[in-house]
Amino acid sequence: LGYWQVIHPSAIDPATMHLEVFADVAVGEELTLMNSSEEELETGILECANTHNFPSSEVRGALVVFCAGAMLAIKDKMDQISRKLGRALGGQPLLGYHTFGEQGTFPNGTLAHGNLMFSTLAFSNRRKRPRVINSMTGHVLEEGQPGFQN
């Protein structure tokens, strides 16, 4: 795929090596176990807020989606992170919510279910070309480029 589709485990039985997840996995599909530190989660959220292609002074508001499972790992820091997120978005109003299971556009342009994801939709008063950003690699696809699908 060229990127990771993160899937949240729901149950692990070490005795039987049985793993249940909150998403569809095809028989024979390879799974890779991953982890993240609290600092990496915080940094990722703030980087996602800074990926809009206009100055924060032009932000008029934002919608923020952050996985509830990931939020629970850093819940003691969420007030501090929310304040930093607000500053990164120019101090404008934002609405944030935590979900168990997210839908989104992946770097290849496909829409799919994922877990442990976060995204920010920043509103501005000027039109920008749509683009998709892989938050893991920083790779950007803009409207009109090969691989970008509307």
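Reply: Leu63 sits opposite Leu121 of strand 7. Before going on: this is a predicted model, where local features need pLDDT of at least 70, side-chain atom pairs count only at pLDDT 80 or more, and totals for chains, interfaces and linings use all residues. Residues are numbered from 1 along each chain as its sequence is written, and side-chain values use heavy atoms, leaving out hydrogens and water.

Me: In what sense do strand 3 and strand 7 pair, and over how many bridges?

Reply: Strands of a sheet pair through backbone hydrogen bonds, either parallel or antiparallel. Here strand 3 and strand 7 are antiparallel, over 7 bridges. Two strands count as paired if DSSP finds at least two bridges between them; strands (E, at least two residues) and helices (H or I, at least four) are DSSP runs, numbered from the N terminus.

Me: What is the strand order in the open sheet?

Reply: The order is 4-3-7, 3 strands with mixed pairing. Strand 4 (94-99) and strand 7 are the edges; each has a single partner strand, so one side of each lacks a neighbour in the sheet. The twist averages 10° from one strand to the next. Helix 1 packs on the sheet, touching strand 3 and strand 7 (contact means heavy atoms within 4.5 Å), and its direction makes about 25° with that of strand 7. For such angles, axes are lines fitted to C-alpha atoms, for helices over the stretch in contact, and values run from 0 to 180 degrees between N-to-C directions.

Me: Which residues have the most contacts inside the largest nonpolar core?

Reply: In soluble globular proteins, nonpolar side chains tend to be buried together. This core has 19 residues, and those with the most contacts inside it are Ile45, Phe66, Ile74, Met78, Leu85 and Leu89. A nonpolar core means buried Ala, Val, Leu, Ile, Met, Phe, Trp, Tyr and Cys residues joined through side-chain atoms within 4.5 Å. Strand 3 gives the most, with 5 residues.

Me: Is Phe66 buried or exposed?

Reply: Phe66 is buried, at 4% relative accessibility. The cut-offs are under 20% relative accessible area for buried, over 50% for exposed, and partly exposed in between (1.4 Å probe, protein chains only).
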